[in-house]
Amino acid sequence: MKPALAFAQLKKPKTWQDMSSGLLIKKHIEKSLEPWWQRAFGYHMLKLGQLSSQIESQQAKIPHQINVCESPLVADVVAEIDDLPFVQQSIDLCLLTLQLEYAVDPHHILREADRVLIANGYMVIAGINPWSLAGVNKLIPYRRQQLPWQGRFFTPMRVKDWLNLLGYEIVDDQRILFSGLHNKQRDDRWWFKKLQTIGQSYLPLFCSVYVIVAKKRVQPLTPIRPKWQLRHKFRPINVSTIGQNRHI
């Protein structure tokens, strides 16, 4: 298993157009998240990273949506997503789309998002599945110099293991976009729609994009009563001796 830490700064895509089939990936992620925007409630949502900031979420029940990234052109708050300027347990939902793939320390990003999430808050993560047609394309040498293949792809099972260690419950795990993510792919052609139906029905493990929705669970602390008891303080009992003296 490859290490999660990266020893060099990876090139990040700034827009979905920077990636091969980026707009297609964005469209299918938005479609898969549509049902969840109606189920998540709260006051504050964080979209972490420039790609997350461009995801449409107008149907969400959470009114205050904050874009957090390094670019002042699209950000409401300019900050590093692994060092969030928010107090702990103040956010209801965190959205991460293709952010772990280009992070030096993806663990730290998850821990920082976990820090600001309230109890029962949602963590939504979308990424590229290495065990897919898109992951196979990374084996081609010239593909490694292009986006999104310049990033490091983590399996959905590994990402879910990280979330489980942080105390999250996986409430949804979708596999979408059965495609190699080549350039100029169109999803309005009949054969492409048929391929998606077959792939998501019979080969979901090999779909190129995963969308994980996890809920933060916090166990309440219950005080444990000690089984032992303190010994009572020794106190002598006064006994009357009247009438007990005998003469010899």
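Is Asp 173 buried or partly exposed? Asp 173 is partly exposed, with a relative accessible area of 26%. This value, like the others in this report, comes from a predicted model.

**Salt bridges**

The structure holds seven salt bridges. Three of them are listed here.

| Arg 115 | Glu 112 | 2.8 Å |

Arg 175 counts as buried, at 15% relative accessibility, because the limit for a buried residue is under 20%. Salt bridges with shared partners bring Lys 160 together with Asp 173 and Arg 175 in one network.

Arg 115 and Glu 112 both belong to helix H3 (residues 106-116). Three residues separate them, which is about one turn of the helix. In an α-helix there are 3.6 residues a turn, so residues three or four places apart point the same way. Glu 112 is buried, with a relative accessible area of 9%, whereas Arg 115 is partly exposed at 27%.

Helix H6 covers residues 190-202, 13 residues in total. From its first C-alpha to its last, H6 reaches 18 Å, close to the 18 Å expected at 1.5 Å a residue. Which residues of H6 are buried? They are Phe 192, Gln 196 and Gly 199. Viewed down the axis of H6, the buried residues fall within an arc of 75°, so they line one face of the helix. These buried residues pack against helix H1 (22-37). Trp 190, Lys 194 and Tyr 202 are exposed on the other side of H6.

The largest pocket has a volume of about 280 Å³. Its lining is made up of 13 residues, and those closest to the pocket centre are His 28, Lys 31, Asp 187, Gln 196 and Gln 200. Which element gives the most to the lining of the largest pocket? H6 does, with five residues. H1, E6 and H6 each supply at least two residues of this lining.

**Backbone features**

Leu 147 and Pro 148 are joined by a cis peptide bond, with omega at about 10°. Pro 148 is placed in the loop between helix H4 (133-137) and helix H5 (156-165).

Gln 89 is not a glycine, yet its phi is positive, at about 55°. It is found in the loop between strand E3 (77-78) and strand E4 (91-97). Leu 177, also not a glycine, has a positive phi of about 60°. Leu 177 sits in the loop between E6 and H6, and it is buried, with a relative accessible area of 0%.

How values were computed. Residues are numbered from 1 along each chain as its sequence is written. This is a predicted model: local features need pLDDT of at least 70, side-chain atom pairs count only at pLDDT 80 or more; totals for chains, interfaces and linings use all residues. Side-chain values use heavy atoms; hydrogens and water are left out. A salt bridge is a side-chain nitrogen of Lys or Arg within 4 Å of a carboxyl oxygen of Asp or Glu. Helices (H or I, at least four residues) and strands (E, at least two) are DSSP runs, numbered from the N terminus. Buried means under 20% relative accessible area, exposed over 50%, partly exposed in between (1.4 Å probe, protein chains only). The expected span of a helix is 1.5 Å times one less than its number of residues. The arc is that of the directions from the helix axis to the C-beta atoms. Contact means heavy atoms within 4.5 Å. On a 1 Å grid over the protein atoms alone, a cavity is a set of points where a 1.4 Å probe fits but cannot get out, and a pocket is an open set with protein on both sides within 12 Å along at least five of seven lines; lining residues have an atom within 4 Å of a point. Grid points are joined across faces, edges and corners, and a volume is the space filled by probe spheres set on the points.
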